[in-house]
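These are my notebook entries on a structure I went through piece by piece. I began with a turn and then moved on to sheets, helices and a few single residues.

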Amino acid sequence: MKLSRLPHDPALILDFFQEALETLGAVCERPWHDRLRLVAEGAAARLWRDDGALVDAEIAFPPAGETGPRDAAREVYPGCPLTFRLAETLRGVSLPLQRVCFKSSDAAKPTPEVSEKLWRAQFPGTTRWKMETPFRSDWHFSLLALARCEIQAIDQHWSLHRVAVSLRDGARDEALAANLGFCAVNGAPPGAIPWPVPAVLPWHEMLRKVLAEELAGDLALIRQRQENYLQRELERIDAYFENYERELGERLSRSHRDTAKVKVEERLTAARVEHQRRRSDQIQRHEISVIPRLDALLLIAEPAWTTTVVCLREHEMAAQPAMLIPRSRRWLQCQHVEKPDTA
């Protein structure tokens, strides 16, 4: 889900700066409602000095609509460098993988009737269905990420996203990302949870896929505008060089001396080369780059139920393991297994 931007509120931002700078070791006080006085060294001082030497400064938090010149080192305004540097400092260099266990949303096992109803709603093509084995408790794991995405185009765009992906099938879990705050956390999880071993490449590919889906709508609008701008620039370049080359062609047809013809032909060749260079330059200028930055990674374990489901597949009864997630009331189909003997 795409998180909404907070409005620029100088009072809230001042609270954030004071708490963050004090966490980094600075000494702060408020001489006025929109001023923050600080004495800092080390990590907090590196916001102003790369060597971390002692800094004695005062920061102003003017209203968002105030006009006039800005001091990037002493004022906090929308998009100011101090806010970005402070956020990067708080995040740190390494990205820890945190783990959490959810409480079961439904302690009782679902009945076969309810399970079949959920299966048919999710897979409407099912004609025959039955549970071959009773439910047994299991764990379902999801990976949740908080990502800042920068889209570099004619204009730069920043957005913050919270995405979740199921580690079993790689599917995007929008409900988990949107309703994370309503999930009940198990403060005393059992110690026998089989936490998956972090796999950098597979997890990277999963997150890349879900982020591409998340940004598809924004990128479509940006791409359409870029294409319109690019088409207009290419038409302008083509029109200019077509007129220029036509003029050179007319000069060449009127020339009688060999030396004059050679010079015109050289200019015509150079114009064609420059024409292609200008087109390539405009295409490169209108490229779109997406740069995601992960700010948090959370590995989630939640109770689930597994069983073996027998259903009609390609006119034959086939058995396969499946998992039912109570939180989302969703079935996950696992790998296919051997067909049962229906003789």
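Entry 1, a hairpin. I am working with a predicted model, and I started where strands E10 and E11 form a hairpin with 4 residues between them, noting that arginine 329 in the turn has a positive phi of about 55 degrees. I looked up the extent of the strands and found arginine 329 in the loop between E10 (316-325) and E11 (330-333).

Entry 2, a sheet of three strands. I next looked up an open sheet whose strands come in the order E2-E3-E4, with antiparallel pairing. Strand E2 (27-32) and strand E4 (55-60) are at the edges and have a single partner strand each, so one side of each lacks a neighbour in the sheet. From one strand to the next, I noted a twist that averages 20 degrees. Between E2 and strand E3 (residues 35-40), which run antiparallel, I found 4 bridges, and I wrote down that valine 27 has valine 39 in E3 as its bridge partner. Helix H1 (residues 10-23) packs on this sheet and touches E2, E3 and E4, and its direction makes about 155 degrees with that of E2.

I asked at what angle helix H5 and helix H6 pack. For H5 and H6 (residues 258-285) the angle is about 175 degrees, and their axes are 10 Å apart. H5 is therefore roughly antiparallel to H6, given that angles over 145 degrees are counted that way. Sorting the contact of H5 with H6 by class, I have 11 nonpolar, 2 polar and 11 charged residues.

Glutamate 214 is buried, at a relative accessible area of 11%, and its side chain makes a polar contact with the side chain of arginine 172 at 2.4 Å. Setting aside neighbours within four places in sequence, I listed the contacts of glutamate 214 as Met1, Lys2, His161, Val163, Arg172 and Glu174.

Tryptophan 139 counts as buried because its relative accessibility of 18% falls under the 20% cut-off. Not counting residues up to four places away in sequence, tryptophan 139 touches several residues, among them Cys101, Arg168, Pro190, Ala301 and Met323. I also noted that the C-alpha atoms of tryptophan 139 and lysine 109, 30 residues apart along the chain, are separated by 14 Å. Glutamate 150 is buried too, with a relative accessible area of 7%, and I asked which side chain makes a polar contact with that of glutamate 150. The partner is glutamine 156, at 2.8 Å. Beyond four places in sequence, the contacts of glutamate 150 include His157, Trp158, Ser289 and Arg293.

How values were computed. Residues are numbered from 1 along each chain as its sequence is written. This is a predicted model: local features need pLDDT of at least 70, side-chain atom pairs count only at pLDDT 80 or more; totals for chains, interfaces and linings use all residues. Side-chain values use heavy atoms; hydrogens and water are left out. Buried means under 20% relative accessible area, exposed over 50%, partly exposed in between (1.4 Å probe, protein chains only). A polar contact is a pair of N or O atoms within 3.5 Å; within protein, one must be able to donate a hydrogen and the other to accept it, and residues adjacent in sequence count only if both atoms are side-chain atoms. Contact means heavy atoms within 4.5 Å. Axes are lines fitted to C-alpha atoms, for helices over the stretch in contact, and angles run from 0 to 180 degrees between N-to-C directions. Angles under 35 degrees count as roughly parallel, over 145 as roughly antiparallel, 65 to 115 as roughly perpendicular and the rest as oblique. Ala, Val, Leu, Ile, Met, Phe, Trp, Tyr, Cys and Pro count as nonpolar, Asp, Glu, Lys and Arg as charged, and the others, Gly among them, as polar. Two strands pair if DSSP finds at least two bridges between them.
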